[in-house]
Amino acid sequence: MDESTAEPFVNREDSTSGVLSAGSASKRRLKEKLSNSKLKEKIQNGANSRTETGFSLQDRLLTKLLQQVIPSENIEDVLDLPPDKRSSKYIGRPGFSIPLMSTNFRRFNSRIGIVFVFQTRLIRLLTWRNPTHTISLLAVCTFVCLNPYLLAVLPLAAALIFIMVPAYLVRHPPPPPTRSQNTYSLNGPPLAPPRSIKPAPEMSKDFFRNMRDLQNSMDDFSTLHDTVLKVITPFTNFSNEALSSTVFIFLFVTTCTLFIASYLLPWRLMSLLFCWTSITLGHPSVRGFILHNRESHLRPHERRAQSLLDSWIARDIILDAPPESREVEIFELQKRRGGRNGEWESWIFSHNPYDPLSPQRIAGERPKGTRFFEDVCAPRGWEWGDKKWILDLGSREWVEERMVQGVEVELEGERWVTDLVADHDSTSNATKAIKNVGAGWAEGSGRDAVGEWRRRRWIRMVRRKGVSSSNNSTKIG
């Protein structure tokens, strides 16, 4: 017995609206999105990998045109942007392709009708269009809330009621009603072929109904997304630090409390009250009553709660802490010209002291930095907290902290820390000693001479710099 083709799942309760022309908007969005060589490579890969799927000549010409329009330079390399982890370069998925996108959209739109049917029936159920169905839903919610183990029964019962029973009734249809026989016998061989669900044909009414519902769903999602952000963002983005700090404290205390005492709460009763309240609020009479009495009854309580919260925030939340500040350092390096008796010449300002045992020194590299003091910049994200650099008078302290060896330290004067070079006839196992050298001290073999490098440390305070709002926005998607 051959299979019978059933009608596709489509929401037919609303009329099909006219199709609006949006060619200019689509072209504008397309021009904004397709702007780098990675996208060009994806289009090329997508077009080449699916030439056997029967794309039309128009689709192929459009793909070739886009490949010529997209610039060859990679915008991510120019702007130093992080790599896109959703790219086909990192996951085994097809690249972006206009023909493939068009094909997948048509396939998706032909099969999405079951989602819109479920959405429409759920809305009808929650808005009390059929009170008996909604009361039945309340009964089911009551059983599940009072006996949570029944959650395992729900998917099995749904499969039986909504899949197996309708499929059996298709193959064993009831006889036409007669006056003499009102019973329905389930015995006997199947009388009808099995039903198979087919997607909605393209350019049919069902296809355009799905497009209508998809269009409205996108608008609903965008509206819901913007509404949620509008409500939640002022409490969570610390634009009002006192309010966001209050929310943070409340969430932290609640989390700790539930972590300790959550087993003491009557979760079944709470779930039952939540389900009944949510479904009852969907009744048209209840919604009308709440909207009608909101200004007279709810608004005064909202204002009172808001005033109490504002007074508590003003009294207990203190946000007058100074900005974070730290100390930064720079080393002024000088090099001797003309041998041991030559003069010292200013060489560079570096973040590394370039001591005799530093990795740069051992590798034979030159010190890195800037030649002029004015070119030293604050670290990224920080700004200067003082007007000028201050010479660090504690040279011995930073030498001991870094465990610098083979140097002479001035304890007075300009606080230079100078390299010491041992004589050539000194042995490798010579005993080290500490001796006074002029106005400082030195660590060496006892027969050392001054080397060609010396440095001293300058310090300056920095504080955190404010971030502009244009650099502090997050894109979703």
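## Basis and tyrosine 354

Contact here means heavy atoms within 4.5 Å. This is a predicted model, in which local features need pLDDT of at least 70 and side-chain atom pairs count only at pLDDT 80 or more, while totals for chains, interfaces and linings use all residues. Residues are numbered from 1 along each chain as its sequence is written, and side-chain values use heavy atoms, with hydrogens and water left out.

Leaving aside neighbours within four places in sequence, tyrosine 354 is in contact with Leu333, Gln360, Arg361, Glu365, Arg366, Pro367, Trp453 and Arg455.

## Nonpolar cores

A nonpolar core is a set of buried Ala, Val, Leu, Ile, Met, Phe, Trp, Tyr and Cys residues joined through side-chain atoms within 4.5 Å. Buried means under 20% relative accessible area, exposed over 50%, and partly exposed in between (1.4 Å probe, protein chains only).

The largest nonpolar core has 11 residues, among them Leu333, Tyr354, Trp398, Val409 and Trp453. At least two residues of this core come from each of strand 3 (325-337), helix 14 (395-401) and strand 7 (407-410); helices (H or I, at least four residues) and strands (E, at least two) are DSSP runs, numbered from the N terminus. A second, separate core of 9 residues includes Val328 and Trp458.

## Helix 11

Leu272, Cys275 and Ile279 are buried in helix 11. The buried residues of helix 11 pack against helix 6 (113-126) and helix 7 (131-146). Exposed residues Leu273 and Phe274 sit on the face turned away from the buried side of helix 11.

## Valine 421

Valine 421 lies in strand 8 (residues 417-422). Valine 421 counts as partly exposed because its relative accessibility is 40%.
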